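Please open the structure in your viewer and display it beside its sequence.

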Amino acid sequence: MNTQETIKQQVTTHPVVLYMKGTPQAPQCGFSAHAVKVLNACGVDNLFSVDVLTEPEIRQGIKEYSSWPTIPQLYINGEFVGGSDIVTEMYQSGELQKLLQK
C-alpha cells in the first residue's frame, strides 16, 4: 500500500483522525497540543492520531493528500476539517461540536 492509500484508509476507517507532531499524551508542538485540547473539550474519546514525526512518508504525504501545508490536520468522517486555527474557530462557533455529532 502506498502512502496516499494508507492515508485514505486511515481517514475513512476512523471517525476522528488527527495528524499531529507527537501524541495526544505528549504533543511536540503548541498547535498540535491545542488541537488535542479542543478535541478533548468536545468530548472526543475515539481519536485516532498519527505522529508525523515518527512517520516521514506520512508527514509529506498528508500535505499532498489534503493540499494543506501545515500540521496538525484534522479529519472527521473522512473529510478534511483543517488545521489548528480552523479547528479553534469551529469550536468557538459550535460548528465543530455539531460536526462531531454526525
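**The whole chain**

Among contacts (heavy atoms within 4.5 Å) in the chain between residues at least 6 apart in sequence, 59% join residues at least 24 apart. This is a predicted model, in which local features need pLDDT of at least 70 and side-chain atom pairs count only at pLDDT 80 or more, while totals for chains, interfaces and linings use all residues. Residues are numbered from 1 along each chain as its sequence is written, and side-chain values use heavy atoms, without hydrogens and water.

Select the C-alpha trace next: along its principal axes it spans about 35 × 25 × 25 Å.

Now colour the residues by burial. Buried residues (under 20% relative accessible area, 1.4 Å probe, protein chains only) make up 37% of the 102 residues.

Switch to a cartoon view. Along the sequence the pattern is α-β-α-β-α-β-β-α-α.

**The hairpin**

Select residues 73–76, strand β3, and residues 79–82, strand β4. These strands run antiparallel and are joined by three bridges; two strands pair if DSSP finds at least two bridges between them. Which residue of β4 stands opposite Tyr75? Phe80 does.

Finally, select the turn. Two residues lie between β3 and β4 in this hairpin, and Asn77 in the turn has a positive phi of about 50°.

Technical notes. Helix = DSSP H or I, 4+ residues; strand = E, 2+ residues; numbered from the N terminus. Buried < 20%, exposed > 50% of the residue type's maximum accessible area, 1.4 Å probe, protein only.
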